[in-house]
Amino acid sequence: MNPPVELSILLPSYLEAHNLKELLPELVKTASSITPAYEIIVIDSVEPLDDTRKVCESFNVTCIPRSPNNTYGDAVRTGIRHSQGKFVVFMDADCSHYAGFIHKLYALRNDYDVIIASRYMPGGIPNSHFMHLWMSRLLNFVYRTCLDIRLHDMSNSYKLYHGDQLRSLKLKCMNFDIIEEIIYKLQENYQARIFELPYDFQKRKYGTTKRNHPLFIASYLMTLFRLKFSGTDDK
Ligand SMILES: Nc1nc2c(ncn2[C@@H]2O[C@H](COP(=O)(O)OP(=O)(O)OP(=O)(O)O)[C@@H](O)[C@H]2O)c(=O)[nH]1
Ligand SMILES: [Mg+2]
């Protein structure tokens, strides 16, 4: 029987083969220096759209298709479903999140339920385009105020969670709002102890964003209303 997995690292990925070529060797180095009982899972598009699967194979990293659809929400749910780790780290696959920071997140695993790489707390560096930064800060302000989540940066996906808590959630969001849904439900269901560490965010290295802004704004607003007025339904 295989020993239990201590650390799962999950990377939702959409057309990121170029970035993964640079990120995965660093990630394997970091994970194996933390524990031999790790798994790295890249969650790719439903059908292959680039060389992502070949790149993962070349570094001995697991790559699975998301299901049922090509949305970020389905990538996150697919990753959580497949993860086995006592602790789970989510990160982007576009080199905005550097692997070495996992050491800092992991060092606090027994003190908190969630540890966030925070761009907006004192000491953090957002390093984004003006419009993206403005929208992201507004999003954090609105969610913080309406849902009473006292965090500087709940929307950066780079976080460490406790695997059992994460796997117990019923998550419904289809887009990037699933990140806020996770935090809200962990806070409501577990009174999760959440801690932020200042993080120096980098712009993506290769490729361009695939975010569809009007769609994401609409889904952030709908999710905000749903969480505010329906609360959680998944204890
Ligand atoms: N937009 C989008 N991103 C996805 C999807 N599935 C996985 N991702 C990954 O989610 C991460 C964040 O998406 P990005 O497109 O970089 O969004 P962003 O960070 O707001 O935009 P950038 O300024 O380009 O970095 C990346 O690693 C994507 O590859 C998807 O269906 N849509
Ligand atoms: Mg990005």
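Start by selecting Ile-64, which sits in strand E3 (residues 62-65); helices (H or I, at least four residues) and strands (E, at least two) are DSSP runs, numbered from the N terminus. You are looking at a predicted model, in which local features need pLDDT of at least 70, side-chain atom pairs count only at pLDDT 80 or more, and totals for chains, interfaces and linings use all residues. Residues are numbered from 1 along each chain as its sequence is written, chains are lettered from A and ligands numbered from 1 in the order in which they are written, and side-chain values use heavy atoms, with hydrogens and water left out.

Is Ile-64 buried or exposed? With a relative accessibility of 11%, Ile-64 is buried (under 20% relative accessible area; exposed is over 50%, partly exposed in between, with a 1.4 Å probe and protein chains only). Now show its contacts (heavy atoms within 4.5 Å): beyond the neighbours within four places in sequence, Ile-64 meets Ile-41, Val-42, Ile-43, Asp-44, Thr-78 and His-82.

Next, move to Pro-68, in the loop between E3 and helix H3 (72-82). The peptide bond from Ser-67 to Pro-68 is cis, with omega about 0°.

Then pick Thr-223, which belongs to helix H8. Thr-223 is buried, at a relative accessible area of 4%. Its side chain makes a polar contact of 2.5 Å with the side chain of Asp-177. A polar contact is a pair of N or O atoms within 3.5 Å; within protein, one must be able to donate a hydrogen and the other to accept it, and residues adjacent in sequence count only if both atoms are side-chain atoms. Setting aside residues up to four places away in sequence, Thr-223 touches Tyr-143, Cys-173 and Asp-177.

Now bring up ligand 1. How many residues surround ligand 1? There are 17, and the closest are Glu-16, Ala-93, Asp-94, Arg-204 and Arg-211 (a residue is near when one of its heavy atoms lies within 4 Å).

- Glu-16: a polar side-chain atom is 2.6 Å from an oxygen atom of ligand 1.
- Arg-204: an N or O atom of the side chain is 2.7 Å from an oxygen atom of ligand 1.
- Pro-12: a polar backbone atom is 3.4 Å from an oxygen atom of ligand 1.

Select Leu-15 next, in the loop between strand E1 (7-12) and helix H1 (17-34). Leu-15 is not a glycine, yet its phi is positive, about 55°. Its relative accessibility of 40% makes Leu-15 partly exposed.

Finish with the largest pocket, whose volume is about 1,200 Å³. On a 1 Å grid over the protein atoms alone, a pocket is an open set of points where a 1.4 Å probe fits, with protein on both sides within 12 Å along at least five of seven lines; lining residues have an atom within 4 Å of a point. Grid points are joined across faces, edges and corners, and a volume is the space filled by probe spheres set on the points. The lining has 47 residues, with His-132, Phe-176, Thr-209, Arg-211 and Phe-216 nearest the centre. Helices H5 (130-147), H7 (178-190) and H8 (213-230) each give two or more residues to this lining, and H5 supplies the largest share, 8 residues.
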